[in-house]
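Student: Please pick one part of this model and take me through it closely. Then show me how it sits among the other parts.

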Amino acid sequence: ARERTRTMSHPRKPRAPLTPDQRVRGNILLKPLQVKAEKNKPAFDALLVAATKQVHGWPMTAPVKGLKRGVEKLLLENKGDLGQMRDMLRATIVVAEEGDVTAAIEAVAQRFEITRMKDRFSQPLPSGYSDILLNIVMPDGTQGEIQINVPEMIAAKEGLGHALYEIERQAKSTSQLRLDSVELQSRYYGEARDAMLSAISSSK
């Protein structure tokens with residue numbers, strides 16, 4: 001997968017950028033959500049770390065989503081619907097293996113109100129990427145996203161996987177470049193999943 005990626009150029013026509021007026025409008029819309037997220041971040045992170053310790057996992061916290069990427073997502077992907085901005089707060093719980101995922105979900109449920117769950121271990125993304133995605137809501141209505149994952153998939157995501165995802169995200173939806181990036185991600189994350197299953201088998 002790595003060898004083929006070297007032959008792929010960046011998209012010639014990335015997604016049309018926002019105009020200055022759109023950016024200003026998006027900043028006005030999103031800034032209040034960002035302020036609320038920053039206010040909630042200490043409590044969110046503390047609860048996340050406590051849930052992670054309960055399952056003997058590893059917490060991966062992240063900054064509140066920035067305005068630049070946040071405005072792009074709000075206007076280009078969510079059509080200006082603030083209710084769809086579910087990841088202003090975000091973090092990941094890394095567990096030792098897929099068998100620990102249920103306990104991690106329960107640990108999160110003990111501390112947060114879960115509003116949505118996607119089991120992407122059972123139904124991976126077209127790219128092959130897998131995790132459990134939980135959306136939560138804080139007491140003041142601020143939404144957040146918690147992913148639960150395993151070391152093998154995290155290693156793939158933090159390596160070549162993210163670069164391929166960025167190519168997929170920026171390429172035109174019908175372009176060969178986008179199709180190639182999805183195919184390569186599928187192979188790459190497939191190897192990560194094979195490694196995960198091998199680790200489970202060897203531990204039995």
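Tutor: Start with the burial scale: a residue is buried under 20% relative accessible area, exposed over 50%, and partly exposed in between, using a 1.4 Å probe and protein chains only. On that scale, 42% of the 204 residues in the protein chain are buried. This is a predicted model, so local features need pLDDT of at least 70 and side-chain atom pairs count only at pLDDT 80 or more, while totals for chains, interfaces and linings use all residues. Residues are numbered from 1 along each chain as its sequence is written, and side-chain values use heavy atoms, with hydrogens and water left out.

The protein chain has six helices and five strands. Helices are DSSP runs of H or I with at least four residues, strands are runs of E with at least two, and both are numbered from the N terminus. Read from the N terminus, the order is α-α-β-α-β-α-β-β-β-α-α. Take contact as heavy atoms within 4.5 Å. Among contacts between residues at least 6 apart in sequence, 69% join residues at least 24 apart. The chain exposes about 11,000 Å², and carbon and sulfur atoms supply 54% of that area. Such areas come from the Shrake-Rupley method with a 1.4 Å probe; for residues, only the protein chains shown count as cover.

Now the close look: helix α3, residues 67-77. Its buried residues are Gly70, Val71, Glu72, Lys73, Leu74 and Leu75. The partner to study is helix α2, residues 20-54. The two axes come within 9 Å and cross at roughly 105°. Each axis is a line fitted to C-alpha atoms, for helices over the stretch in contact, and the angle runs from 0 to 180 degrees between N-to-C directions. α2 and α3 are therefore roughly perpendicular. That label covers 65 to 115 degrees; under 35 is roughly parallel, over 145 roughly antiparallel, and the rest oblique.

Which residues meet? From α3 come Leu67, Lys68, Gly70, Val71, Glu72, Leu74 and Leu75. From α2 come Gln22, Arg23, Arg25, Gly26, Asn27, Leu29, Leu30, Lys31 and Gln34. By class, this contact has six nonpolar, five polar and five charged residues. Nonpolar here means Ala, Val, Leu, Ile, Met, Phe, Trp, Tyr, Cys and Pro; charged means Asp, Glu, Lys and Arg; the others, Gly among them, are polar.

Next, the charges. Side chains of opposite charge can pair when their charged atoms come close. A salt bridge is a side-chain nitrogen of Lys or Arg within 4 Å of a carboxyl oxygen of Asp or Glu. The count comes to seven salt bridges. One of them joins glutamate 72 to arginine 23, at 2.7 Å from N to O. The pair links distant parts of the chain: glutamate 72 lies in α3, arginine 23 in α2, and 49 residues separate them. Glutamate 72 counts as buried, at 15% relative accessibility. Arginine 23 is partly exposed, at 23%.

For comparison, look elsewhere in α2. Lysine 41 forms a salt bridge with aspartate 45, with the closest N and O atoms 2.7 Å apart. Both lie in α2, four residues apart, about one turn of the helix. An α-helix has 3.6 residues a turn, so residues three or four places apart point the same way. Lysine 41 is buried at 17% relative accessibility, and aspartate 45 is buried at 15%.

Aspartate 131 and arginine 120 meet in a salt bridge, 2.7 Å from N to O. Both lie in the loop between β3 (113-119) and β4 (132-137), so the pair ties together parts that are 11 residues apart in sequence. Aspartate 131 is buried at 0% relative accessibility, and arginine 120 is buried at 12%.

Last, what follows α3? Lysine 79 does, with a positive phi near 55°. Most residues other than glycine have a negative phi. Lysine 79 lies in the loop between α3 and β2 (89-94). Lysine 79 is exposed, with a relative accessible area of 70%. Histidine 56 also has a positive phi, about 55°, although not a glycine. Its place is the loop between α2 and β1 (58-61). Histidine 56 counts as exposed at 69% relative accessibility.
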